[in-house]
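Follow them through the structure shown here.

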Amino acid sequence: SLSGRATEALALLSTAPPATASGWMLLAQVAERAGELVRAARAYQHVYYEFPTAAEQATALAELNGLRARLGPRYPQPPPEMRLGRADRLTDAGQHRLARAEYRTLSLRLQGLAREQAAVRAGASDYHLNRNTAAYKYLQALRPVQPEAAAERLYHLAACARRLKRREEFTRLVTGLGD
């Protein structure tokens, strides 16, 4: 039977996690054929969140939306780190507008450190888009309580102050970072 062959193929594909978007897509499609919908959803999530600039990501998103509807409460929610990682990869790819939109959404939906990092990185995206004054004002107004997010905020605030030629402010922020 076709699902029996899919189960055999899935066992073969599962010996090591894929390293590429196309590898995860194949694993997801085979898992779906084998009737393992939760596993398929997790594999599509790898494509969507870890390879946001890959050609396969639009297909993965469409498949995820279908599986979310089919699985209902059994749909596996992606962890916050995975969701934040997608926006980080968009930033690394120079897609700052898309990254900024993702970070803003995550800053409203996540909790704790991930929420604060998303908020700080939304401001950093403005900096990368050369919206220096907007980035500076936004970052200045943020008050993260998590030390990692607070340090990240200071770093980006100092970068903004440097670009805006606010020398005293830059020196004060860099000193603060050192402390």
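Which residues does R153 touch, not counting residues up to four places away in sequence? R153 touches V120, L139, Q140, L142, R143 and P144. Contact here means heavy atoms within 4.5 Å.

This is a predicted model, where local features need pLDDT of at least 70, side-chain atom pairs count only at pLDDT 80 or more, and totals for chains, interfaces and linings use all residues. Residues are numbered from 1 along each chain as its sequence is written, and side-chain values use heavy atoms, with hydrogens and water left out.

**R153**

R153 lies in helix 9, residues 147-163. Helices are DSSP runs (H or I, at least four residues), numbered from the N terminus. R153 is buried and has no salt bridge. Buried means under 20% relative accessible area, exposed over 50%, and partly exposed in between, with a 1.4 Å probe and protein chains only. A salt bridge puts a side-chain nitrogen of Lys or Arg within 4 Å of a carboxyl oxygen of Asp or Glu. The nearest side chain of opposite charge to R153 is E169, 7.5 Å away. Lys and Arg count as positive, Asp and Glu as negative; His and the chain ends are not counted. The R153 side chain does reach the backbone oxygen of L139, at 2.7 Å.

**Salt bridges**

The count comes to 9 salt bridges. Here are some of them.

| Pair | Closest N to O distance |
|---|---|
| R86 and E102 | 3.0 Å |

R86 in helix 5 and E102 in helix 6 are 16 residues apart, so the pair links distant parts of the chain. R86 counts as buried because its relative accessibility is 7%. D126 is also buried, at 2%. R100, R104, D126 and R131 are linked in a network of salt bridges. R172 and E169 both lie in helix 10, 3 residues apart, about one turn of the helix. R172 is exposed at 52%, whereas E169 is buried at 18%.

**Rings**

Two arginines sit over tyrosine rings. The charged end of R104 is 5.1 Å from the ring centre of Y138. The charged end of R166 is 4.3 Å from the ring centre of Y136. The rule asks for NZ of Lys or CZ of Arg within 6 Å of the ring centre and within 35 degrees of the ring normal.

Methods:
Helices (H or I, at least four residues) and strands (E, at least two) are DSSP runs, numbered from the N terminus. A polar contact is a pair of N or O atoms within 3.5 Å; within protein, one must be able to donate a hydrogen and the other to accept it, and residues adjacent in sequence count only if both atoms are side-chain atoms.
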